[in-house]
Amino acid sequence: MATTTSSGCAVVTLPGETQIHVTRDFNAPKDLVYRALTEPELIRRWWNAKRGEVTECTVDLRVGGSWRYVMLT
């Protein structure tokens, strides 16, 4: 059973025991949003939300890949 909550512009849905689905609209071209979510140097600029420092950021976009963000606050 899915659970949905919303906060501001984001909608969070929990479709399963191990799944989180976040939907959010951005007032930006889709190619720039994609880059901001997939390129480590851009992720480092926004992930911390001015609350710390991103010290590690790796992204593997291949099927079965992984991601890792480390932040110090």
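Analyst: K50 is exposed, since its relative accessible area is 83% and the class of exposed residues begins over 50%. The model is a predicted one.

User: Why is A49 called partly exposed?

Analyst: The relative accessibility of A49 is 43%. Partly exposed residues fall between the limit of 20% for buried and that of 50% for exposed, and A49 therefore counts as partly exposed. A49 also lies in the loop between α2 and β4, and it has a positive phi of about 50° although it is not a glycine.

User: Why does N48 count as buried?

Analyst: N48 has a relative accessibility of 12%. Buried means under 20%, so N48 counts as buried. N48 is found in the loop between α2 and β4.

User: Which residues does N48 touch, and how do you know that they are contacts?

Analyst: Leaving aside residues up to four places away in sequence, N48 touches E53, V54 and M71. The criterion for a contact is heavy atoms within 4.5 Å. For N48 and M71, which are 23 residues apart along the chain, the C-alpha atoms are separated by 7.0 Å. That separation refers to C-alpha atoms, whereas the contact criterion refers to heavy atoms, so the two values answer separate questions.

User: Why is T23 called partly exposed, and which residues does it touch?

Analyst: At 38% relative accessibility, T23 falls between the limits of 20% and 50%, so T23 counts as partly exposed. T23 is found in strand β3. Not counting residues up to four places away in sequence, T23 touches C9, A10 and V11. T23 and V11 are 12 residues apart in sequence, and 5.1 Å separates their C-alpha atoms.

User: What lines the largest pocket, and how do its residues divide by class?

Analyst: The lining of the largest pocket consists of A10, V22, T23, R24, F26, V33, A36, L37 and W46. Two or more of these residues come from each of β3 (19-24) and α1 (30-38). By class the lining has 7 nonpolar, 1 polar and 1 charged residues. Arg counts as charged, so R24, one of the lining residues, is charged. About 260 Å³ of space lies in this pocket.

User: What lines the second largest pocket, and what is its volume?

Analyst: The second largest pocket has a volume of about 200 Å³. Its lining is formed by L37, T38, W46, W47, V59, D60, L61, S66, W67 and Y69. At least two of the lining residues are supplied by each of α1 and β5 (67-72). The classes are 7 nonpolar, 2 polar and 1 charged. Asp counts as charged, and D60, one of the lining residues, is therefore charged.

User: How many helices and strands does the protein chain have, and what share of its residues counts as buried?

Analyst: The protein chain has 2 helices and 5 strands, arranged along the sequence as β-β-β-α-α-β-β. Of its 73 residues, 14% count as buried. The chain exposes about 6300 Å², of which carbon and sulfur atoms supply 54%.

Technical notes:
Residues numbered from 1 in each chain as written. Predicted model: local features only at pLDDT ≥ 70, side-chain atom pairs only at ≥ 80, totals over all residues. Heavy atoms only, no water. 1 Å grid on protein atoms, 1.4 Å probe; cavity = no way out; pocket = protein on both sides within 12 Å on 5 of 7 lines; lining within 4 Å. Points joined across faces, edges and corners; volume = space filled by probe spheres on them. Helix = DSSP H or I, 4+ residues; strand = E, 2+ residues; numbered from the N terminus. Buried < 20%, exposed > 50% of the residue type's maximum accessible area, 1.4 Å probe, protein only. Areas by Shrake-Rupley, 256 points an atom, 1.4 Å probe, with all protein chains shown as cover.
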